[in-house]
Amino acid sequence: MTSHTPRKRFGQNFLQDQGVINDIISCIGPMPADAMVEIGPGLAALTQPLLDKLQVLHAVEIDRDIVSHLGKRFAADKLVIHSADALSYDFGALADQIAPEGQIRLVGNLPYNISTPLLFHLASFAPRILDCHFMLQNEVVLRMVAEPGCADYGRLSVMLQYHFHMEKLLDVPPEAFHPPPKVDSAIVRMIPRPFPVQARDLPALEALVARAFGQRRKTLRNNLKGVVSDALFESLAIDSTARPENLSTHDYVKLANALSA
Ligand code: SAH
């Protein structure tokens, strides 16, 4: 299918650099019996080398032309294709099916235009996931792994760090893709972990964090006016004159839990 015209609306930037592809496969370290799921296989730049190592690979792909191409190219018992939108796909049900006693491994060179909502969607399946290896826009990866106090630290850092331990593995330049994206890319590894303090109410934590980062230059006290009282800040030993980027994920969980107590 050399004739496939990359579709911008599906964030199609196909990997073409064999060295980069090999590096990604060694970061993933596929083992034959892994319950692996690729998001957005595209023209199989990663799919093919993964299939060389795996007994079976599952793939979730939205583009029907690509689905039909892959269906012709690979045996149906080797590559199991789920023709679906990853944003609404039930990865929990798939895990129940292919790893009833275990967890799935997720991989993919993700469509950058939907990376944030997709990461939030995947976070809801964290307990059923062993690990994730994703190619993303470098700027997004920097936000994911940012520590408190950094300019990149924000809502994405807090909410994803609550669910995952994350590590940036490698930088990937635009030339590694066809067509080249306008941004730099990077590979990130995400490993789900139970956070030391459990959030009582996850949507409430999300809402609090979104509100706290409403205006980054303002103090917490200002951003959370009418939501968190001075007395509550004091009782939790959180400095209300701090900026939102100075609070750890742990602090946000404490604050949200106190509010929903
Ligand atoms: N893995 C391939 C393709 C990456 S491009 C490679 O590295 O070359 C991104 C891929 O994700 C494309 O195949 C695109 O069709 C697919 N995609 C885009 N949006 C999607 C969605 N919402 N759900 C599932 N797949 C999607």
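This report describes the ligand in a predicted model and the pocket around it. Local features need pLDDT of at least 70 and side-chain atom pairs count only at pLDDT 80 or more, while totals for chains, interfaces and linings use all residues. Residues are numbered from 1 along each chain as its sequence is written, and side-chain values use heavy atoms, with hydrogens and water left out.

The ligand has 22 residues around it, and Leu15, Glu61, Asp85, Ala86 and Asn109 come nearest. The table lists polar contacts, that is, pairs of N or O atoms within 3.5 Å.

| Residue | Protein atom | Ligand atom | Distance |
|---|---|---|---|
| Gly42 | backbone N or O | oxygen | 3.2 Å |
| Asp85 | polar side-chain atom | nitrogen | 2.8 Å |
| Asn109 | side-chain N or O | oxygen | 2.7 Å |

On its own the ligand has 570 Å² of accessible area (Shrake-Rupley method, 1.4 Å probe), and the protein covers 98% of this area.

The ligand takes up the space of the largest pocket; to sit there, more than half of its atoms must lie within 2 Å of the pocket's grid points. A pocket is an open set of points on a 1 Å grid over the protein atoms alone, where a 1.4 Å probe fits, with protein on both sides within 12 Å along at least five of seven lines; lining residues have an atom within 4 Å of a point.

Methods: Near = heavy atom within 4 Å. Polar contact = N/O pair within 3.5 Å; in protein donor to acceptor, adjacent residues only side chain to side chain.
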